Amino acid sequence: MAARKPPESWFWSHDIQTNHVDDVVLPGMHLMRLSIYGAGKMRRFAAISFREAGAESVYLVDVPAAEVTAKVSAAAAHPVSITADVEGDAVRFSLVLHKGPSSLSSLHLDLDEAAFSKLADEQHCIADFTTYVVGGARKYAAIVEERTGPSWVLANVTAQELDAKLLELGATLVRLRGFPGADGVGRFTAVAERLNVGRWAWYSDIDGDAVARHLNTNDSYPFDLEAHRDERGVRYNVVMYRDRPS
């Protein structure tokens, strides 16, 4: 069973303009996750940062798909987070990368659901992923790490189906991405593993006040965060783990 060590401290933030991502990369803090939302002048990022031992975190913003591999290689760092923005049929990716030693990782872009679902097995885990629609077709991009342990992709499921599958597997939710189903019912694609994180919880389609309230009530830290904007404002899907330093 894999262990997930809690951060020394953490914060989450939103309403981050593209030219202000540096503002959340504070000394001693490591950017862990970026999620893009909105469009045009309302285009923003949400982020999670941890204070913990480790190498420097860097980021790449709005990289065309054809340039992602070269940009990541030039950064001399390994990717830990990926998010996508689509304008027309053009996809741009924003990534968080960490310098220093790591498990071997690889990037996979422009996958359909079947190909994405095959990325996780006993030797490979999906560290992060994003999903987007191009030309009417749902696509996935993922960061895959070489490390042992059971890992599962739960694709295109309802909230009820997701909870039932997690219970059946005895698994912990690691990554969660939401999208509307063809029938108008919300769907999720998720990654799950067996982890030692104590109690944990997940919430979908909540506002920022609810994110803060649930983090406080559960005495938890955010491990995964996805943001989107609709007519109600900014909404979040969040996975939170409870085990924290005493």
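A residue counts as buried when its relative accessible area is under 20%, and as exposed when that value is over 50%. By this rule, the buried residues of helix 3, which spans residues 159-169, are L162, L166 and L169. The model is a predicted one.

**Helix 3**

- Exposed residues Q160, L167 and E168 are carried on the face of helix 3 turned away from its buried side.
- The cover over the buried residues of helix 3 includes strand 11 (151-157) and strand 12 (172-180). Strand 13 (186-193) and strand 15 (200-206) are also included in that cover.
- G170 follows helix 3 and has a positive phi, near 65°.

**Aromatic pairs**

- The structure holds nine aromatic pairs.
- One of these is formed by W12 and Y236, in an edge-to-face arrangement with 5.4 Å centre to centre and 80° between the planes.
- W12 belongs to strand 2 (residues 9-16) and Y236 to strand 17 (residues 233-241), so this pair ties together parts that are 224 residues apart in sequence.
- W12 and Y236 are both buried.
- F188 and W202 form another edge-to-face pair, at 5.4 Å centre to centre and with 75° between the planes.
- This second pair links distant parts of the chain, with F188 in strand 13 and W202 in strand 15, 14 residues apart. Strands 13 and 15 are also among the elements that cover the buried residues of helix 3.
- F188 counts as buried because its relative accessibility is 8%, under the 20% cut-off.
- W202 has a relative accessibility of 15% and therefore counts as buried too.

**Aromatic cluster**

- One aromatic cluster is formed by F50, Y221, F223 and Y241.
- Y241 falls within the residue range of strand 17 (residues 233-241).

**Charges over rings**

- R138 lies over the face of F179, 4.1 Å from the ring centre.
- R177 has its charged end over the ring of F129, 5.3 Å from the centre of that ring.

Note on methods:
Residues numbered from 1 in each chain as written. Predicted model: local features only at pLDDT ≥ 70, side-chain atom pairs only at ≥ 80, totals over all residues. Heavy atoms only, no water. Buried < 20%, exposed > 50% of the residue type's maximum accessible area, 1.4 Å probe, protein only. Helix = DSSP H or I, 4+ residues; strand = E, 2+ residues; numbered from the N terminus. Contact = heavy atoms within 4.5 Å. Phe/Tyr/Trp six-rings, centres within 6.5 Å; stacked < 30°, edge-to-face > 60°. Lys NZ or Arg CZ within 6 Å of the ring centre and 35° of its normal.
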